[in-house]
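User: I would like to go through this structure term by term and ask, for each label, what it rests on.

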Amino acid sequence: MANLTLRAVRKSYGTMPVLHGIDLDIAEGEFVAFVGPSGCGKSTLLRCIAGLEDISSGELRIGDIVMNHVAPAERGIAMVFQSYALYPHMTVFENMAFGLRIAGRPKAEITARVHAAAEKLQLVPYLDRPPRALSGGQRQRVAIGRAIVRDPQVFLFDEPLSNLDAALRAATRVEIARLKKSMPGTTMIYVTHDQVEAMTLADRIVVLRGGHIEQVGRPIELYRNPANLFVAGFIGSPAMNVLPARVEHAGERSVFRLADEALLHLPLQMSESEVGRAVYLGIRPEDLRLAAEADEPLLQGRILLIEHLGEVQILHVDVGAAKETPLLVKVPGTTQLDENMTVVLAADPDSVRLFDAEGIAMRTLRAESVGC
Amino acid sequence: MTGGHRFWPSVTKAMLWAFLCAMGLLVIYPLFWMGLGGFKSNSQIFSDPFALPESWSFANYLTAWQATQGYMVSSLLVTLISTLTTVTISAWTAFGLTRTEIPGKPLVVGIVLGGMMLSPTVALVPLVRMLQDYGIYDTHAALILLYTAFRVPFTTFLIRAYMLDLPRDLDEAAMMDGASPGQIFRKVILPLCQPILISCVVLHILFAWNEYLFAMIFTNSPGVQTLPVGLTSMMSKQGTNFAAVFAAMTISALPIVIIFFLTQRYFIRGLTQGIGK
Ligand SMILES: Nc1ncnc2c1ncn2[C@@H]1O[C@H](COP(=O)(O)OP(=O)(O)OP(=O)(O)O)[C@@H](O)[C@H]1O
Ligand SMILES: [Mg+2]
């Protein structure tokens, strides 16, 4: 059994708390990604699970066994380090065989297991080389191979692709996805800065900030229904647009007054008591479009800057409502536009998210009826 | 002129070469002169100090070899064993100081490395008493013990600096692989420390082979005395036979010179890597 249970896990270095009570359940065979800004405690949490750091308080269980004080090697865990941490004085074969040799496995078994892993990762031609005679991608695969050979219940990755160039990163990402498929019973936990990696690989994403869990959910859930403004800003690139507003008129369709006095009519259910309340409206850049004849116009503004990305272009539009930060709009790359042009924007009202003054997502009638 | 910009760099280069050659000559010539002196007769050393030997005679070397053989054995014994003990103890200590959690670690580091400040001369009188109490005064064991004790701090200092630079990830990877601290030390850290270990071995050999003060004070019998002491006693006995003394000196210096030339590449690499980065 390789399900993980974390209950109120705290970690402090000296008097400085880094993790403030993490509660998390990870099912057997699940692929979970930890994301969050630098210094939020992703690596620390991973190292606590691995046993490289002691947990200050709380409980960590793998299967049914409390693992707080179990040595790293006895937790049934393997870890791929960001730096790969290959032993420089050993060949690829010896690197992969090291753990099995320490465990005193018979020679024949070691050879068989290392070769099986090497074949899986296309490392057979390199078995006799030292790590310094390998490319970055090959070293990466050796690090994964060393972990596979031990046949772990739980696989931990700490930013395994961050030392690779963009093309290799994409290729290795696919390989990791394939690896996961070939080991359906193995639980994987993956720390990353790169939300594309998290979105494409993970069954569930855990968003951390300052040692707290902000939200846990399937990638699309986090993307569509972020629990708060932080998650909304962190997941998705470019980030969700956030407009401060005030409830002007409540009802089946409510009216919101933006900072520049413009009024927005949205099919969001608000109660009478909420009139005058400060809220934030969140709209993803791709949910905004240039208004056509039939559209109900939402906002109007001047294009400050156009970023051409090929298939799409990102418009930075000054709508006056959010003074410092221009509104970002993702439109097809083929649309002919110029800077300083004035554009009228429209959006599918369902795509607008509502947050309260503290930045917590508010449940709306539409969202409830959809069942989220 | 196209040649103009080539002229000055080549002059600088030539001057650098000349300077280095002069320095080299300055160091090598006395040694060379000493070695040559061993082939001359005593009278020629005085009449013709800078000439080549009149007749290349190995007689002096033969006498010197016979006279120094006993000291040579002592020196070899003391040097080899104290090198082994010093480097082994220092490597373990450095591992402990860099890789384990000890309460009050800075203090422990301070005490161990503070040993480098200890001047051997100050400790001489108590040491004589101590070694007499232990009953090892005038034995090889006395020298081995002293050389180890006095060189562990410095050797630890060098190895510790090197170990601090080794990435922690390697320890952690080995830990995940199930290695005990002892296995991490022997199978991961020690092999990676090879360059600095070689440097430390060479440095200790240089020290132990040439050490004079302890060897003179803590040994009496010719069977126990090491080469530096043996050479001085030979000088006082055969004070007038300079040719034989030169030959003996050459013989005693030779092993060190050979060891240094064989290992200098690794020796320098170990030291610069420890400091660098
Ligand atoms: N050994 C340590 N001693 C003291 N503080 C530490 C130690 N290790 C980490 N920290 C602190 O704990 C916090 C979390 O660090 P951690 O390495 O887990 O961040 P992270 O989320 O992995 O960041 P990154 O994305 O940059 O890798 C940071 O503020 C860091 O300064
Ligand atoms: Mg990290």
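Analyst: Of the 372 residues in chain A, 50% are buried, and since the model is a predicted one, every value discussed here is computed from predicted coordinates. Chain A contains nine helices and 20 strands, and its C-alpha trace extends over about 75 × 45 × 40 Å along the principal axes.

User: What makes E53(A) count as buried or exposed?

Analyst: The relative accessible area of E53(A) is 16%, and the term buried applies under 20%, so E53(A) is buried. This residue is placed in the loop between helix 1 and strand 4 (57-62) of chain A.

User: Which side chains make polar contacts with the side chain of E53(A), and how do you know that these are contacts?

Analyst: The side chain of E53(A) is joined to that of R47(A) at 3.0 Å and to that of Y13(A) at 3.3 Å. A polar contact requires a pair of N or O atoms within 3.5 Å, and both distances meet that limit.

User: Which residues surround ligand 1?

Analyst: The shell consists of Y13(A), M16(A), V18(A), S38(A), G39(A), C40(A), G41(A), K42(A), S43(A), T44(A), E159(A) and H193(A). By class these residues divide into four nonpolar, six polar and two charged.

User: How do you know that side chains of the shell come within polar-contact distance of ligand 1?

Analyst: In the side chain of S43(A), an N or O atom lies 2.6 Å from an oxygen atom of ligand 1, and a polar side-chain atom of H193(A) is 3.1 Å from a ligand oxygen. For Y13(A), the side chain has an N or O atom 3.5 Å from a nitrogen atom of ligand 1, which is at the limit, as the cut-off reads within 3.5 Å. The ligand taken alone exposes 640 Å², and the protein buries 59% of that area. Two or more residues of the shell come from each of strand 2 (16-26) and helix 1 (42-50) of chain A, and helix 1 gives the most, with three residues.

User: What makes the pair of Y137(B) and F218(B) edge-to-face?

Analyst: Here the planes meet at 65°, and the class edge-to-face begins over 60 degrees, so the pair is edge-to-face; the centres are 6.5 Å apart, which is the limit itself for a pair. Y137(B) belongs to the loop between helix 5 (124-134) and helix 6 (140-165) of chain B, and F218(B) to helix 10 (residues 213-218), so the pair ties together parts that are 81 residues apart in sequence.

User: Why is the charged end of R209(A) said to sit over the ring of F230(A)?

Analyst: The charged end of R209(A) is 4.3 Å from the centre of the ring of F230(A), and the distance part of the criterion asks for within 6 Å. In chain B, the charged end of R151(B) likewise sits over the ring of F207(B), at 4.4 Å from its centre.

User: What makes A78(A) buried?

Analyst: A78(A) has a relative accessible area of 1%, and as the limit is under 20%, A78(A) is buried. The residue lies in strand 6 (residues 77-80) of chain A, and its C-alpha atom is separated by 7.6 Å from that of I148(A), 70 residues apart along the chain.

Technical notes: Residues are numbered from 1 along each chain as its sequence is written. Chains are lettered from A and ligands numbered from 1 in the order in which they are written. This is a predicted model: local features need pLDDT of at least 70, side-chain atom pairs count only at pLDDT 80 or more; totals for chains, interfaces and linings use all residues. Side-chain values use heavy atoms; hydrogens and water are left out. A residue is near a molecule or strand if one of its heavy atoms lies within 4 Å of it. A polar contact is a pair of N or O atoms within 3.5 Å; within protein, one must be able to donate a hydrogen and the other to accept it, and residues adjacent in sequence count only if both atoms are side-chain atoms. Accessible areas come from the Shrake-Rupley method with a 1.4 Å probe; for residues, only the protein chains shown count as cover. Helices (H or I, at least four residues) and strands (E, at least two) are DSSP runs, numbered from the N terminus. Ala, Val, Leu, Ile, Met, Phe, Trp, Tyr, Cys and Pro count as nonpolar, Asp, Glu, Lys and Arg as charged, and the others, Gly among them, as polar. Rings of Phe, Tyr and Trp (its six-membered ring) pair if their centres lie within 6.5 Å; planes under 30 degrees apart count as stacked, over 60 as edge-to-face and the rest as tilted. A charge sits over a ring if NZ of Lys or CZ of Arg is within 6 Å of the ring centre and within 35 degrees of the ring normal. Buried means under 20% relative accessible area, exposed over 50%, partly exposed in between (1.4 Å probe, protein chains only).
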